[in-house]
Every structure is written in C-alpha cells, then in structure tokens.
Amino acid sequence: MRGSPGSRGYEDLPEAIPSTSGRERSGDSLYRPPEPGGPDARRCSTGIGADRTRLLDMLWDLQDTWRYVPEPVLADLAPKLGTTLLDLRETASFYHFFHDRYAGRHTIYLSTSVLAQQCDYDAVLATLERETGTLIGGVDPSGAFGLFETPCIGLSDQEPAMLVDSIPFTRLNSAKVTSIIAGLKAGHPAVELADPEIHDSRTVEYVDSLVESNLRLPGVVFFRPDPYPESFVERLLTRPPEEIVEILAESELRGRGGAGFSTGVKWRMVASAPGPERYVICNADEGEPGTFKDRVLLTRSPRQVLLGMIAAAYAVGARHGILYLRGEYSYLRDYLEQTFEEFRARGLLGTGIGGRAGFDFDLRVQRGAGAYVCGEESALLESCEGKRGTPRVKPPFPAQSGFLGLPTCIDNVETFAAAARVLEEGSRWFRAVGTEDSAGTRLLSVAGDVSWPGVYEIEWGTTLGEVLEHVGAPDAHAVQIGGPSGVLVAAAEARGRRIAFEDLPCNGALTIFDPTRDLVDITRQHLDFFVAESCGICVPCRAGNVELRDFVARLQAGRASRADFARALACADTVRRASRCGLGATSPKPLLSTVEAFPAAFEAKLVDERGPLLASYVEDEAVVPADVYRSVREGRR
Ligand code: SF4
C-alpha cells in the first residue's frame, strides 16, 4: 500500500545494514524533524487565505516543509478554516502522499505496478533498501530517507520508476539507484540529479530531461502543430456560445474518461443549469494503471488542452477553472502554470479575453495527492473542495451540482484537446473519422511486452490485431484493455475485434502480456490495487475486494476449491452491482474478465475438498499461538 509509513520501521533493521552516510551522522545526534507549531502554520492559514477549498495545497505545503503533516499545525489551522482538528486529520489521512509521521528528508516512492514488477523491480528494491538504510515502509535512523511503495505512477513505458521528492526517475537498475542515493547523500537535490543541466522548470526542456514522451504515432486530432491561440479565440468569439455547444454535439465527440458521454450534451446541460456561477474543471488525475497518454498530451500539447478549456468556459459561461493534476505529475506543474501565464500575457486568460468585454475566465492547477478514486469525477470535486475524495451519490450530476454545488463542466485532458480540434476543423470533419458510434481518434498508452512502448493515436475502429502489429507485439498472449478496470482479452481470439465504444471501449491503456506472464498473479496484483484504493465508504467495495483478493491468493497457494471459486464469482457480482461508484463497479473485472478469457489458468489451480475440512483451512494459521493469546488477554495488543 502506498505511502503507509512506519509499517516496517528502522527499529526492525538488522544491524548489518549500513544505515546512513557520515554526512547525516556528523551532527551531535541523529537527525530529527523540526518541532511543529512554528511559522508554517501561520503561512498556511494566511498565505492562501482561510479558504477550505485550498486545503490540499496547505497540506502539501506542510508535507513539503516538515516532511509530514504535524498535528499541532493542523490544530492551529482548524479554527481558521472553520472546522475541527478531527476533520483535517481525517482528510489528510485519506491521501497517500500525506504522512502523519516523519517521512524522511528525501521521500522516495517506488512504483509497484505490474509492469515494474516484470522488469528489474526486485533488484531495484533491494538496492534502495541497502543504500538508504531502511526497509520499504520506513525511515532510516538518520532521518535522511523515507522509502515507500506506490502503485503505477504514470510511467509504464519506462519502468522501473520512482519519485524522489516528487521528481521522477525512470528506467532504474541497481547501478542507477546506487548513483542517485549517493548523489542525495552528497547533498545534491533530487532535481539536480534528474536534470544535471538545470533547465528552467517552466520549460518543456526541463520536462523532457526527466521523462521521455515516447510519442510513437500522432494522428489527425492530437499532437498537431499548436493552433495560433489568438486566431482560435478570435474564431471562437465569432459564434454565440449556443453554437459552440451545438458544434460539439454534432461532432459526436464522446468523453474520453471512460463513460463515453456526449461532450456536447454535457456542455449544454451545464450551460442551461441554474446557478450564479459555473466552473470548468480538467480531470488530469490520470491514475488508471498502465495509462500515461494524458501525461504526454500535457507535455507536448498543453495549449491545445487549454484552448479546449477556454472554449468550454465560453460555451457554458464559466469564469473559473481548475486543472486537477495528479500528484505523481507534480513535475509538470510549473510548466503548465507557465502556459497559463503566457496566455494571460496574450490576453487569452483573465478579463476581457480576446478583447470581448464580459468574457472573463482564469484557472489554477490543483495538485492531487495520490488517491486513485479522485479520478472519479464526483470524488475529484470533493478533493477540489479540500475534502476526502469520497465519491458522491449521483444524481445530481456535476453538470447540475458540481464544484461547491455549482454547475460544473468536468472533462478529461484528452476530451478538452479533442474539443479544441473539433472547433478548429468542424463537426463534419471530426465525424468523418472513426466509426458510426465512435467519432474521431483515440490515444493509447501502450506498454508491456512490446517493442515500442509509448503513445499511439489510432482511429476508432482499428482492430486489435492491427494495433498489436504496429506496436511490435508478435508474442502477445493477453491484452489488458483499459487498465485493471477494463477487460483482459486473449490476443489470439480478439485480434479481429475493434477498439471502439461499440466493441472494445478503451479508456486509453493497452497493456500487453506474452505467454511467460502469470495471469493469475497479475489478477491478484490488480485486486490488491483496488483493495488499497477503495475509499471504503460502501461495504461491497471495501470488504468484497478483500474477499476477491484473498481468494486469488488462496488459489495461488493451492488452497482454493471449486466451491470457493463459485463463492468468489458470486461475491464479484455483488461488488459489481452494489458499489456506489465506478471504482467498485469495475473492481471485480480483473477476476471476471481473466476468468472469462483464460478459464484454464484458474481451473488448473483449484483443489478438491478432502474430508470435512475446507481446503483453505491451515491448522497452524488457525490456531492462535499461545503468546499472542496471552498478550491479547493482558491488554498488550
Ligand atoms: Fe468508495 Fe468503493 Fe464505494 Fe466507490 S465503490 S464509493 S471507491 S467504497
């Protein structure tokens, strides 16, 4: 589970592990975090203003300053925000990147994604533990390094990868890790190690020095040369807002976040919903394991995304916007804010945009903090309001009651970029590409057992076989389409199927596994992911996913019977039907779709019941050891 500090602390370290360099030990005592309660509490409550909706920024401020979120500072902050310490503590605890205990002067998150584990993961982890002097989940005795795990960080095309103080490091191996940790011990900041040429963090050169884009195949919709923003806005303003909405509706552009709802219809709903204000929010919380195309779109085409947001603001009558950037992509923040600045300087953000009196729109970046469920639109809205990212009950939908209860147009990065292109070329042009039910093109994040991982723009309707050929996957055995919340198909049987809403709808991830991969283990890892990421508010998702994961673990251990299998499938059906939000509704898919595509992989591991005892019964585990029983009875546990 990511960001859970202290599960294996430094007190557990065997003495043989060299715990720190001389540098950290050179003071009179071991490094200790500063005592909380100082000036930072005042800065947090006054710098941003006593604005609850900025709570995540305040928590980031505390985390970055103190390397954890100190409770006394929260106690100071609570009355200024008109809330309680309990509320703030509960909110902070929801997000993986906020720690309630010191997380090291350098906080390291190693990606545990399925693809990372298929690369050099074990060697990288062992080296990290040896060089930092702490086991995973702990902080080394000097306080220099906190080492934690985290699920996919949006770098599946260049795993193994990790974040050090929010700076990504990719294509790791033992030698590279040794060198990075040595550099940190020598006093170099992580950013200098990742970008030795020290580029300006507001430039694309900086972003490129940290992470490869791996843009393999641009198409007709995305990654075009930037439209000249002034002429785009000038053209936009020649049409009334209602016409913009109708162009989008006629184009049949469908949202790219997963549900595939008509973008034009959504914009129309927001425009017509009653409310004193409206908001436009870009969902850049790209958290589905295996997906990274929004990362590349924000790197290569931030202006196209921004123009789509400006068009939405004009169409629905919004004056404020937010780009919710997943915490793992924090390294993009300065670059994106520089794009906003450039637009302000050109009169394309702010008041009187494009010289049109009354057309006012501006936006800010909201940095997420490591919670997959915040990719769900209503959870994202809660997070934007400075709360736990708990999905709301729908209806009402965000178009009617979104950010702060106001009508909100929330779309993902790819949708806004596509909308800008539709407005450039027209609805008929857009509709002519793709299929009858899936207009335009689709970006795919391709990774796994392929020759050329990266981002591909394909026309909707392209067959899976054509894609596999293009990306260099001659040995494809299984293909995960749309990440763990999508489906896993057998490559041999699905080659003729089309990537399209009407056949294989894909939310942007295409992960390929060759015949050497253990599909049952991949299923367990995906279920582990959902167990860790469930927000926990409803029982089917919170408890059901644990049941499913434990079933697969028992299957792997040779302790699951046919009756267990039937119970697991029934449980999966309950989780799918009874969960509140999309996370729960899709979380059993790793099990259900893998069983459907590869039933033999599961059947082969089932065991027969022997006698009256369940196959899952293991006597040693069932009997409580005497010392545990004694300590419980004496209140020591
Ligand atoms: Fe939370 Fe899961 Fe329920 Fe969604 S389905 S609201 S993630 S517990």
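Phe-602 is buried, with a relative accessible area of 0%; buried means under 20% relative accessible area, exposed over 50%, and partly exposed in between, with a 1.4 Å probe and protein chains only. The model is predicted, so local features need pLDDT of at least 70 and side-chain atom pairs count only at pLDDT 80 or more, whereas totals for chains, interfaces and linings use all residues. Residues are numbered from 1 along each chain as its sequence is written, and side-chain values use heavy atoms, with hydrogens and water left out.

A pair of aromatic rings is described by the distance of the centres and the angle of the planes. Rings of Phe, Tyr and Trp (its six-membered ring) pair if their centres lie within 6.5 Å; planes under 30 degrees apart count as stacked, over 60 as edge-to-face and the rest as tilted. By this rule the count comes to 17 aromatic pairs. One of them is edge-to-face and joins Tyr-95 to Phe-98, at 5.9 Å centre to centre and 65 degrees between the planes. Tyr-95 counts as buried at 1% relative accessibility, and Phe-98 is buried with a relative accessible area of 6%. Phe-565 and Phe-602 form a stacked pair, 6.3 Å centre to centre with 5 degrees between the planes. This pair links distant parts of the chain, 37 residues apart: Phe-565 lies in helix H24 (residues 562-578) and Phe-602 in helix H27 (residues 599-603). Helices (H or I, at least four residues) and strands (E, at least two) are DSSP runs, numbered from the N terminus. Phe-565 is also buried, with a relative accessible area of 8%.

A charge sits over a ring if NZ of Lys or CZ of Arg is within 6 Å of the ring centre and within 35 degrees of the ring normal. The charged end of Arg-254 is placed in this way over Phe-501, 3.9 Å from the ring centre, and that of Arg-326 over Tyr-329, 5.3 Å from the ring centre.

A disulfide is a covalent bond between the sulfur atoms of two cysteines; here the criterion is a pair of cysteine sulfur atoms within 2.5 Å. The structure holds 0 disulfides. Cys-384 is in none, and the nearest cysteine sulfur, that of Cys-374, is 8.6 Å away. Cys-384 is buried, with a relative accessible area of 0%, and Cys-535 counts as buried at 19% relative accessibility.

Two strands pair if DSSP finds at least two bridges between them. An open sheet of 4 strands has the order S9-S8-S7-S10, with parallel pairing. Strand S9 (362-367) and strand S10 (408-412) stand at its edges, each with a single partner strand, so one side of each is left without a neighbour in the sheet. Strand S7 (residues 279-284) pairs with S10 in the parallel sense over 5 bridges, and Asn-283 stands opposite Asn-412 in S10.

Another open sheet, of 6 strands, has the order S6-S12-S11-S15-S13-S14 and mixed pairing. Its edges are strand S6 (215-217) and strand S14 (487-490), each with a single partner strand, so one side of each lacks a neighbour in the sheet. Strand S11 (residues 441-448) and strand S12 (residues 454-459) run antiparallel and are joined by 6 bridges; Ser-445 stands opposite Val-455 in S12.
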